Amino acid sequence: MIAAHFGSPAEPLYGVHHRPEGPAHGSLGVVLCPPAFNEAANSHRALRSLADQFARAGVHALRFDYRGTGDSAGTEDRFRIGNSVEDVLAARDELEASAGLA
């Protein structure tokens with residue numbers, strides 16, 4: 001697992017890249033999008049386990065926190081649906097770049 005901040009320097013997002021433990025399955029990768037609010041904390045362990053399972057199966061996986069949540073920059077008021085869509089796209093771009101999937 002590799003933890004890093006990515007995206008906008010003004011409001012960096014926090015993510016954890018679970019790299020394949022064995023040979024990677026081509027250009028396959030998955031971005032795990034957490035639920036919002038209290039459900040995010042409740043699902044953390046399950047999402048980490050799922051990301052680990054993808055890695056064991058040879059698939060790159062990226063877990064991340066939306067802006068204004070978890071370890072990403074910003075305060076709670078920065079979490080909005082429009083922002084979260086941008087955050088998902090930034091996570092996808094980060095996974096493609098860091099795993100060479102593009």
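This is a predicted model: local features need pLDDT of at least 70, side-chain atom pairs count only at pLDDT 80 or more; totals for chains, interfaces and linings use all residues.

I begin just after helix H2, where Gly 100 takes a positive phi of about 65 degrees. Residues are numbered from 1 along each chain as its sequence is written, and side-chain values use heavy atoms, with hydrogens and water left out.

Helices (H or I, at least four residues) and strands (E, at least two) are DSSP runs, numbered from the N terminus. H2 covers residues 81–99. Which of its residues are buried, that is, under 20% relative accessible area with a 1.4 Å probe and protein chains only? They are Asn 83, Ser 84, Asp 87, Ala 91, Leu 95 and Ala 99. Seen down the axis of H2, these buried residues fall within an arc of 115 degrees, taken from the directions from the helix axis to the C-beta atoms, so they line one face of the helix.

I turn now to the sheet. Four strands form an open sheet in the order E1-E2-E4-E3, with mixed pairing; two strands pair if DSSP finds at least two bridges between them. E1 and E3 stand at the edges, each with a single partner strand, so one side of each has no neighbour in the sheet. E1 and E2 pair in the antiparallel sense over five bridges, and Phe 6 stands opposite Leu 13 in E2.

Finally, H2 packs on this sheet, touching E1, E2, E3 and E4, where contact means heavy atoms within 4.5 Å.

Terms used
The expected span of a helix is 1.5 Å times one less than its number of residues. Buried means under 20% relative accessible area, exposed over 50%, partly exposed in between (1.4 Å probe, protein chains only). Axes are lines fitted to C-alpha atoms, for helices over the stretch in contact, and angles run from 0 to 180 degrees between N-to-C directions.
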